[in-house]
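Me: I have a protein chain to read. Please take me through it one feature at a time.

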Amino acid sequence: MSDFLQLRPEHAPVKGLTTWLADGLRAAIRAGRLAPGVRVPASRVLAGELGVSRGVVVEAYQRLLDEGLVTARAGAGTVVSALGAAARPSGSTTDRRTQAGIRLPVPVPAGIRYDLSPGVPDLSAFPRAAWLRAERAVLDRSAAPDLGYGDPGGHPSLRRELAGWLARSRGVRAEPDDVIVVSGVAQALALLAQTLRATGTTAVAVEDPGSRGARDQMAHWGVRPGGGRGRRRWGTR
């Protein structure tokens with residue numbers, strides 16, 4: 001529980017335990033490891049974890065209370081105050097990744113009845129009931145080992161079914177080992193782009209208009225997407 005302090009009992013000084021603990025709590029608040037509104041551990045609990053007397057913890061909490069970094073109220077315990085966030089250095093978040101350079105889906109403005117944004121499916125049409133029935137049916141037949149980590153290429157039974165479906169519906173001759181089951185479109189595009197790069201392909205043709213997310217994904221992996229006239233299928237050049 002006290003990992004947020006990054007303090008170890010074996011490193012505690014012989015004298016000045018209260019200052020040692022108060023400094024650790026103050027640093028945790030300023031670094032954001034203790035966010036505003038977070039309740040700090042009870043003095044008895046923290047004392048037991050750090051191997052110090054409860055009086056040391058109580059006095060450390062009192063110092064932070066005097067500084068306004070925490071608040072204390074009967075029945076609510078000691079809670080980090082909003083002033084704790086204000087005490088953080090102004091440049092503490094400059095190394096965080098921001099979304100300024102990432103093109104994300106634009107939220108639908110209020111009053112829009114139908115969202116016709118490209119690349120956004122009709123999420124309200126997701127077959128929730130059918131999905132739950134399928135999950136229950138699979139879980140009823142699954143053994144305990146089936147719930148662990150399996151083949152990274154996909155469950156063998158699923159790949160066998162997919163290989164058969166491809167033969168029946170698409171006329172594709174494929175063995176189960178030829179099929180890779182991915183977790184989503186993003187992973188599929190990442191694997192595709194990396195495979196193309198490995199063979200020397202650095203540009204692909206994509207549908208125009210098409211999925212902005214697909215273009216960004218391919219570009220991220222070093223394959224330049226380019227649009228053609230009309231609707232075109234994936235191709236390489």
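Me: What is the mean pLDDT of the chain, and how many residues reach 70 or more?

Reply: This is a predicted model. Where pLDDT is low, the predicted coordinates should not be read in detail. Here the mean pLDDT is 83. A share of 84% of the residues reach 70 or more. Residues 228–237 fall below 50. That stretch still has 24 contacts in the model beyond near neighbours in sequence.

Me: How many helices and strands does the chain have, and in what order do they run from the N terminus?

Reply: There are eight helices and five strands. The order is α-α-α-β-β-α-α-α-α-β-α-β-β.

Me: What percentage of the residues count as buried?

Reply: Of the chain's 237 residues, 22% count as buried. Now take contacts between residues at least 6 apart in sequence: 51% of them join residues at least 24 apart.

Me: At what angle do helices H1 and H3 pack?

Reply: The general idea is that two packed helices are described by the angle between their axes and the distance between the axes. For H1 (residues 17–31) and H3 (residues 54–67), the angle is about 50° and the axes lie 9 Å apart. H1 and H3 are therefore oblique to each other. Their crossing is right-handed.

Me: Which residues of H1 and H3 meet?

Reply: On H1, they include Leu17, Leu21, Leu25, Arg26 and Ile29. On H3, Val56, Val57, Glu59, Tyr61 and Leu64 are among them. The residues of this contact divide into ten nonpolar, two polar and four charged.

Me: Now H7 and H8. How far apart are their axes?

Reply: The axes of H7 (residues 185–198) and H8 (residues 212–220) are 9 Å apart, and the angle is about 40°. Roughly parallel would need an angle under 35 degrees. H7 and H8 are therefore oblique. The crossing of H7 and H8 is right-handed.

Me: Which residues make the contact between H7 and H8?

Reply: H7 brings Ala186, Leu189, Ala190, Leu192, Ala193 and Leu196. H8 brings Ala214, Gln217 and Met218.

Terms used. Residues are numbered from 1 along each chain as its sequence is written. This is a predicted model: local features need pLDDT of at least 70, side-chain atom pairs count only at pLDDT 80 or more; totals for chains, interfaces and linings use all residues. Side-chain values use heavy atoms; hydrogens and water are left out. pLDDT is the predictor's confidence in each residue, from 0 to 100. Contact means heavy atoms within 4.5 Å. Axes are lines fitted to C-alpha atoms, for helices over the stretch in contact, and angles run from 0 to 180 degrees between N-to-C directions. Helices (H or I, at least four residues) and strands (E, at least two) are DSSP runs, numbered from the N terminus. Angles under 35 degrees count as roughly parallel, over 145 as roughly antiparallel, 65 to 115 as roughly perpendicular and the rest as oblique. A crossing is left-handed if the near helix is turned anticlockwise from the far one by less than a right angle, and right-handed if clockwise. Buried means under 20% relative accessible area, exposed over 50%, partly exposed in between (1.4 Å probe, protein chains only). Ala, Val, Leu, Ile, Met, Phe, Trp, Tyr, Cys and Pro count as nonpolar, Asp, Glu, Lys and Arg as charged, and the others, Gly among them, as polar.
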